[in-house]
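Dear colleague,

Here is the structure I promised to pass on to you. Please look through it first; my notes on what was found follow below.

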Amino acid sequence: MTDLAVDEEPSGRFGVVIVGAGSGTRLGGVDKAFMLLGRRALIGHSVDAFESVNEVDEIVLVVGAHRVADARRLVSARHWRKVVAVVAGGVTRQESVIAGISALGECEWIAIHDAARPLVTGEIIRSGLASARSHGAAVAAIPVRDTIKRRLGETALIEGTVDRTGLWAAQTPQVFRASVLSEAYQRVGDRASEYTDDAGIVEASGFPVAIFPGSIGNLKVTLQDDLAFATALLRARGTGRVSRARELACPSLRVGTGYDIHRLDVGRTFILGGVVIPHATGFVGHSDGDVLAHAIIDALLGAAGLGDIGTHFPPQDEAFRGANSMELLRRAVQLAAAKNLSPHQVDATVICENPRLAKHIPEMRRIVASCLGIEFEAVNIKAKTNEGLDAVGEGRAVAVHALVTLRS
Ligand code: CTP
Ligand code: MG
């Protein structure tokens, strides 16, 4: 074995690849990285942990090709300053890792971390870097504590008990000297996908790999039960306990409702939630007429105790003629921020006879979530017809009811 060991240099850029491009098959085929754990997407917990470690210089996020735009919005909404790239992953985990490494800048140290381990801590990350600096490569792991049995084929019987002495369960992060990792990946070539972790590839290439202490709390969300454990652990952590107490007492959640209705006419643009939808008629209004945005603004201002849309953006004010309502929504968020309140969740019902909105709703949710700086999953939009009744049912107007919660 080559001993690349001891690095005396205290510095050298430290890059991190967080892989979250899997298909969550064992959880029923969900975008695991974007599932909510507490208030944040799974991947967001890991990013927050790495962002807050001083030694980390840059982070690359690897997500499914269809979630790249969502992840980029999340990066700007959450003000993650160390994230230098968001790239699409591959069919296998190792392809995703390679895509992530390729997007990193010049780094001397690289950590690979699974988005599926949201409870990683700053302490684990720092130990990983320190251990990699001493040994060239290091893996978070915990000693196997259960007695391990080997089953006899597919029968109900046990073939024997495995000696667990010296057995450790590997986790992520796994931290490597960049040159070791790239050399190892080159050596295994096409066989990379035969390995279930990066350390396996580095070991197979003959490089020494050390173990540093992971934690039982640094669990991997693989099955439904894991999500329940992760939620409980999150609550048991300091911040979790506070949020639980807050949830129970609800002193910091504020709720506002909003309603708006706009007439439709020919020669106007039909725009809802920032999405322009081709239609024979469009909205009459002083601004761009985005009735969904207006209902959400009213709900948001309501929750903040800041009056209504007309108070802040008067219809008679020429400055708001043809205004982009999403820009007004951003301004409303700033008004709430001045009172130390930030968006938490949105639910809205659009009552619209025509056109059909279903296929446009994901894009509306993305745009609204991005304006509000919250996750896609925290924005819900529903569409209903009015069964042909009244002006809305006759297609002469569209109405929206919205509910927004804010937290301090
Ligand atoms: N991963 C990835 N690209 C892949 C496969 C997996 O980035 N092609 C990531 C996952 O998103 C996850 C980590 O590798 O963060 C560990 O994988 P695992 O827990 O197996 O997640 P999934 O592959 O999504 O789940 P499953 O195996 O149940 O489909
Ligand atoms: Mg998998």
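Against which strands and which helix do the buried residues of H4 pack? They pack against strand S1 (14-20), helix H1 (42-51), strand S6 (109-114), strand S7 (137-143), strand S10 (168-177) and strand S11 (210-213).

Before going further, please note that this is a predicted model, in which local features need pLDDT of at least 70 and side-chain atom pairs count only at pLDDT 80 or more, while totals for chains, interfaces and linings use all residues. Residues are numbered from 1 along each chain as its sequence is written, chains are lettered from A and ligands numbered from 1 in the order in which they are written, and side-chain values use heavy atoms, with hydrogens and water left out.

The protein chain comes to 13 helices and 18 strands (DSSP runs, numbered from the N terminus, of H or I with at least four residues for helices and of E with at least two for strands). Of its 408 residues, 49% are buried (under 20% relative accessible area, with a 1.4 Å probe and protein chains only).

To return to helix H4 (residues 122-135), its 14 residues reach 20 Å from the first C-alpha to the last, close to the 20 Å expected at 1.5 Å a residue (that is, 1.5 Å times one less than the number of residues). Its buried residues include Gly122, Ile125, Leu129 and Arg133, and just after the helix Gly136 takes a positive phi of about 95°.

Asp197 is buried yet has no salt bridge, the nearest side chain of opposite charge, Arg93, being 6.9 Å away (a salt bridge needs a side-chain nitrogen of Lys or Arg within 4 Å of a carboxyl oxygen of Asp or Glu). The Asp197 side chain does, however, reach the backbone nitrogen of Gly200 at 2.9 Å.

Best wishes

Conventions:
Buried means under 20% relative accessible area, exposed over 50%, partly exposed in between (1.4 Å probe, protein chains only). Lys and Arg count as positive and Asp and Glu as negative; His and the chain ends are not counted. A polar contact is a pair of N or O atoms within 3.5 Å; within protein, one must be able to donate a hydrogen and the other to accept it, and residues adjacent in sequence count only if both atoms are side-chain atoms. Contact means heavy atoms within 4.5 Å.
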